[in-house]
Amino acid sequence: MVEDELFAREDLKDILSQSNKIEVVGEADGIHKAHVDIQQLEPDVVFLDIHLANTNGIELADKLRSLKNPPFIVFATAFEEYAVKAFELDAADYILKPFDEKRIERTIDKIVKWYQLKKEESRQQRANHGTQNLNLNKLPVVKDDRIILIDIQNIFYFGTENRHVFVKTVDDKYDIDTNLYEIEKKLENYSFLRVHRGCIINLQYVSEIEQWFNGTYNIILSDGSKLPVSRSYAKTVRQYLGF
C-alpha cells in the first residue's frame with residue numbers, strides 16, 4: 001500500500017490484515033520508494049493514495065502499467081474528482097476515505113476473482129508454450145461461479161457499461177472481471193483493435209464504417225452493433241482498415 005498519512009495507512013493495513021484472502025507484503029509513504037519496492041516484491045495488487053507529499057499517485061499508477069506483470073491498482077483517496085482519470089488507467093477500483101470495511105471486502109473479493117482468471121490464463125499459456133499445431137484460442141470468463149472458456153473467434157467486441165467490462169459474443173454477453181488494458185495485451189496477436197477508451201472490436205466482424213463528425217466514425221459489426229471510434233483512435237483504425 002502507498003499512503004503518506006500514517007493514521008490512514010495503519011487503518012487500511014488493519015482492515016486488509018483482517019481478511020484471510022489477502023496479505024500485506026509492503027507499505028510506502030511516497031511513490032519513489034513504492035516504485036522500487038513494487039518491482040522487487042511484485043505484489044498482485046497495490047492500494048494507492050492519489051494525494052501524496054509533493055507527488056501524485058496517478059504518476060505511479062501510469063509507471064506501473066509498463067511493468068512486465070503490472071499489479072492491479074486500487075485507488076484509496078479522499079478525493080472523488082480523480083475517478084475518471086483512475087479508470088482511464090484501468091484501475092481495478094476506487095475507494096473513498098474514510099475507509100469502510102464492507103466496501104474494501106467487496107474490492108478484495110473482486111481482486112481475488114480477477115487473480116484466479118489471470119492464473120487460468122497463465123496456465124493456458126504454459127500449456128500452449130512451444131506447441132505449434134495446438135492453439136486453444138480461448139478466453140476464460142466467470143458465470144454463475146463457474147469459469148467458462150469461450151472461443152476468441154466468436155467474440156464481436158469488448159465494451160464497458162457502468163464502469164464494468166463485458167464481452168459480446170456470437171451467442172451471449174458476459175460480464176468479466178478483467179480490465180481492458182489486460183484484455184488488449186492478451187489479444188495483441190489476434191485481430192482485435194481498440195477503437196475507443198472503452199471498446200475493443202474484432203476486426204473480422206466489421207461490416208461497415210460510418211463517418212460521423214469531427215474526424216470520428218462509427219463502426220458497424222455484422223451483428224448490427226454500432227460502436228463509436230474516438231478521435232484519438234481514428235488514425236489507427238484507418239490504417240488497419242485501409243481507408
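Which residue of β12 is the bridge partner of H196? The answer comes from a predicted model, in which local features need pLDDT of at least 70 and side-chain atom pairs count only at pLDDT 80 or more, while totals for chains, interfaces and linings use all residues. Residues are numbered from 1 along each chain as its sequence is written, and side-chain values use heavy atoms, with hydrogens and water left out.

The partner of H196 in β12 is C199. Strands here are DSSP runs of E with at least two residues, helices are runs of H or I with at least four, and both are numbered from the N terminus. Two strands count as paired if DSSP finds at least two bridges between them. By way of background, strands of a sheet pair through backbone hydrogen bonds, either parallel or antiparallel. Between β11 and β12 (residues 199-202), four bridges are found, in the antiparallel sense. Both strands belong to an open sheet of five strands, ordered β10-β9-β8-β12-β11 with antiparallel pairing. At its edges are β10 (173-176) and β11 (192-196), each of which pairs on one side only. From one strand to the next, the twist averages 25 degrees, where axes are lines fitted to C-alpha atoms (for helices, over the stretch in contact) and angles run from 0 to 180 degrees between N-to-C directions.

A parallel arrangement can be followed too. An open sheet of three strands has the order β1-β4-β5 and parallel pairing. Because β1 (45-48) and β5 (93-96) each have a single partner strand, one side of each is left without a neighbour in the sheet. The twist of this sheet averages 20 degrees from one strand to the next. β1 and β4 are joined by four bridges, and V46 stands opposite I73 in β4.

Next comes β14. Five of its five residues are buried, meaning under 20% relative accessible area with a 1.4 Å probe and protein chains only. Y217, I219 and L221 cover one side, with N218 and I220 on the other. β14 runs antiparallel to β13 (residues 206-211), with five bridges, and E210 has N218 as its bridge partner. Four bridges join β14 to β15 (residues 226-229), also antiparallel, and I219 stands opposite L227. These two strands form a hairpin with four residues between them, and G224 in the turn has a positive phi of about 95 degrees.

N218 itself has a relative accessible area of 7%. Leaving aside neighbours within four places in sequence, its contacts (heavy atoms within 4.5 Å) include W212, K226 and P228.

Notes. Buried means under 20% relative accessible area, exposed over 50%, partly exposed in between (1.4 Å probe, protein chains only).
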